[in-house]
Amino acid sequence: MNKAPSSTVEQDLSKPAAISLREAFLFWLKLGFISFGGPAGQISIMHQELVERRRWISERRFLHALNYCMLLPGPEAQQLATYIGWLMHRTWGGVIAGALFVLPSLFILIVLSWVYIAFGEVPVVAGIFYGIKPAVTAIVVQAAHRIGSRALKNNWLWGIAAASFTAIFAFNVPFPLIVLGAAIIGYVGGRLAPERFRTGGHSATKKSFGPALIDDDTPPPEHARFRSFKLLRLLLVGAALWVLPMGILTALFGWEGTLTQMAWFFTKAALLTFGGAYAVLPYVYQGAVGHYGWLTPTQMIDGLALGETTPGPLIMVVAFVGFVGAYVQQVFGPEHMFLAGALAATLVTWFTFLPSFLFILAGGPLVESTHNELRLTAPLTAITAAVVGVILNLACFFGYHVLWPNGFGGQLDWPSALIAIAAAIALFRFKRGVIEVLMGCGLIGLAVHLLR
């Protein structure tokens with residue numbers, strides 16, 4: 001006997017009403033303030049809000065867009081927001097979605113960076129950071145484990161990870177060369193043994209939460225259709241948006257000026273972030289700490305801790321690097337140190353994220369031309385494997401500076417070691433969130449620091 005559907009079911013199965021740009025703006029603004037938890041947490045929030053609750057986009061189309069973002073260098077969660085915003089409301093929709101994903105984090109980090117650099121020696125602040133640093137070391141180890149468990153599917157990929165770790169740890173090989181070497185190995189290996197380099201992204205699914213505004217069979221909107229003229233125009237605009245500020249910086253401060261070098265360095269970093277923020281952090285510390293001396297190893301660890309505790313992409317730690325570097329070097333003189341730091345943080349954010357917008361706005365029409373599942377190519381599979389070794393080296397780097405603050409010749413800092421072990425147990429055994437672990441370890445560190 002057929003039963004009449006309830007009003008709730010009828011409501012669930014009705015297609016959502018069209019979304020205005022103003023409604024979308026308010027949602028993306030809200031997302032910018034609640035996007036904690038790293039890329040996995042941020043993508044989960046977007047899936048819950050956009051696919052399950054609001055049904056702006058179907059599960060299949062959401063994952064199709066995510067597969068493309070996983071192929072790109074840069075923060076995949078921010079790129080996914082940009083993609084969906086663009087698909088719904090053209091270029092301005094994408095720009096608004098991507099920018100609002102970043103701006104709250106930028107403003108928060110500018111304030112926190114100033115508090116850190118101006119009041120970092122205050123006992124309360126110093127104590128909190130004393131506990132947070134060992135926790136960050138455990139978090140980086142967890143990141144290596146998480147990416148490795150997903151990426152290292154056979155002995156070939158394990159070998160690439162081991163080789164990349166050896167190269168950067170023992171021989172200090174620059175990160176770009178490791179990426180290039182892994183890409184070459186993947187390119188050759190993908191032809192000699194393709195089954196060893198065949199991995200997939202997030203696979204499509206038949207799961208449905210009801211009709212969506214952009215559903216499985218919804219044709220791409222007119223603005224999402226590929227046009228060679230539109231692509232050329234976009235590339236020219238993107239080039240101008242890079243050349244103009246770079247030219248102004250060069251004219252004002254010279255090519256060797258701190259702000260100019262930051263802009264150039266973080267442009268390169270933006271093109272090397274395969275595998276997420278943890279993958280590019282070794283490159284950032286190689287340059288920012290080792291080559292340019294913009295900040296110390298301890299400050300780099302503290303910056304990562306601040307990045308973990310703020311919303312937005314973790315790669316926003318670059319704003320901290322820019323702020324501290326320009327502030328300490330007094331780019332505008334001792335009277336305008338905050339201004340120098342805030343401007344540097346804004347500039348490095350601009351140059352770090354500009355390529356992400358161009359990748360989405362230029363590549364989106366090509367992606368929308370097919371709804372088949374996208375797969376990682378063999379070179380990208382090899383790069384991801386190499387990234388695991390690089391992140392493990394980053395954990396060793398952090399662990400060395402946290403646990404042996406005076407070098408191996410000095411004593412092991414036992415309280416830091418115990419805090420790191422406790423953080424690892426909380427993360428691995430009890431699956432606690434990053435924010436919880438950082439807050440707990442910060443309080444423990446404060447107690448230890450004040451009792452000494």
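## Salt bridges

In this predicted model, seven salt bridges are counted. One of them joins the side chains of K30 and E49, with an N to O distance of 3.9 Å. K30 belongs to helix 2 (residues 21–34) and E49 to helix 3 (residues 38–53), so this pair ties together parts that are 19 residues apart in sequence.

E49 also takes part in a salt bridge with R53, where the closest N and O atoms are 3.1 Å apart.

E49 has a relative accessible area of 10% and is buried, because buried means under 20%. R53, at 55%, is exposed, because that term applies over 50%. K30 counts as partly exposed at 36% relative accessibility, and R54 likewise counts as partly exposed, at 25%.

## Nonpolar cores

The largest nonpolar core has 98 residues, and V136, F266 and L295 have the most contacts inside it. Helix 15 (residues 378–403) gives the most to this core, contributing 16 residues. A second, separate core has 39 residues, including I57, F62, A65 and Y68.

Which residues is L295 in contact with, leaving aside its neighbours within four places in sequence? They are A288, V289, M300, F320, V321 and V324.

Key. Residues numbered from 1 in each chain as written. Predicted model: local features only at pLDDT ≥ 70, side-chain atom pairs only at ≥ 80, totals over all residues. Heavy atoms only, no water. Core = buried A, V, L, I, M, F, W, Y, C linked by side-chain atoms within 4.5 Å. Buried < 20%, exposed > 50% of the residue type's maximum accessible area, 1.4 Å probe, protein only. Helix = DSSP H or I, 4+ residues; strand = E, 2+ residues; numbered from the N terminus. Contact = heavy atoms within 4.5 Å. Salt bridge = Lys/Arg side-chain N within 4 Å of Asp/Glu carboxyl O.
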